[in-house]
Amino acid sequence: MDRISLCELVEWRAAGRAFTLIDVRRDTVRRADGTDIPGAAWRDPEQLFTWKDAVPRDRPVVFVCAHGHEISQGEAGTLRAMGLDARYLIDGFAGWKAAGQPVQLIG
């Protein structure tokens with residue numbers, strides 16, 4: 001599976017399942033919004049090849065972009081090709097926020 005629904009991700013968090021959450025929204029989009037998903041690490045999507053090897057391999061990784069389209073799908077596909085359990089969040093950050101899920105101000 002290369003994607004995860006909002007409901008599944010919320011269930012994973014509630015159950016305490018180990019996974020890595022990576023926000024790959026473009027920096028301008030992220031800063032314009034001013035919020036992040038708690039626990040998500042931001043990584044510049046244009047620098048994937050500089051940080052990809054630091055992604056933990058012992059747990060699933062979930063990528064979140066603005067709307068769940070090409071950026072997060074591309075990162076997930078790249079890491080899946082490297083043998084990682086990588087997925088993208090359907091509807092991305094916009095879906096997360098629209099569903100009233102928790103966000104925090106960018107630090």
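Thr20 is buried, because its relative accessible area is 14% and buried means under 20% (exposed is over 50%, partly exposed in between; 1.4 Å probe, protein chains only). The residue belongs to strand β2, residues 20-23; helices (H or I, at least four residues) and strands (E, at least two) are DSSP runs numbered from the N terminus. Beyond its neighbours within four places in sequence, Thr20 is in contact with Pro56, Arg59, Pro60, Val61 and Val62, where contact means heavy atoms within 4.5 Å.

The model is a predicted one, in which local features need pLDDT of at least 70 and side-chain atom pairs count only at pLDDT 80 or more, while totals for chains, interfaces and linings use all residues. Residues are numbered from 1 along each chain as its sequence is written, and side-chain values use heavy atoms, with hydrogens and water left out.

**Nonpolar cores**

A nonpolar core is a set of buried Ala, Val, Leu, Ile, Met, Phe, Trp, Tyr and Cys residues joined through side-chain atoms within 4.5 Å. The largest has 14 residues, and Ile22, Val24, Trp51, Val55, Val61, Phe63 and Leu79 have the most contacts inside it. At least two residues of this core come from each of α3, β5, α4 and β6 (86-89). Helix α4 gives the largest share, three residues. A second, separate core of 13 residues includes Leu9, Leu21, Val62 and Phe93.

**Aromatic rings**

Rings of Phe, Tyr and Trp (its six-membered ring) pair if their centres lie within 6.5 Å; planes under 30 degrees apart count as stacked, over 60 as edge-to-face and the rest as tilted. Two aromatic pairs are counted by this rule. In one of them, the ring centres of Trp51 and Phe63 are 6.2 Å apart and the planes stand at 45°, so the pair is tilted. It links distant parts of the chain, with Trp51 in helix α3 (residues 48-51) and Phe63 in strand β5 (residues 61-64), 12 residues apart. Trp51 is buried at a relative accessible area of 9%, and Phe63 is buried at 0%. Leaving aside neighbours within four places in sequence, Trp51 is in contact with Ile22, Val24, Arg43, Asp44, Phe63 and Glu75.

| Charged residue | Ring | Distance from ring centre |
|---|---|---|
| Arg17 | Trp12 | 3.9 Å |
| Arg25 | Phe93 | 3.8 Å |

**Glu70**

Glu70 lies in helix α4 (residues 70-81) and is exposed, with a relative accessible area of 58%. Its C-alpha atom is separated by 9.7 Å from that of Tyr88, 18 residues apart along the chain.

Note on methods
Lys NZ or Arg CZ within 6 Å of the ring centre and 35° of its normal.
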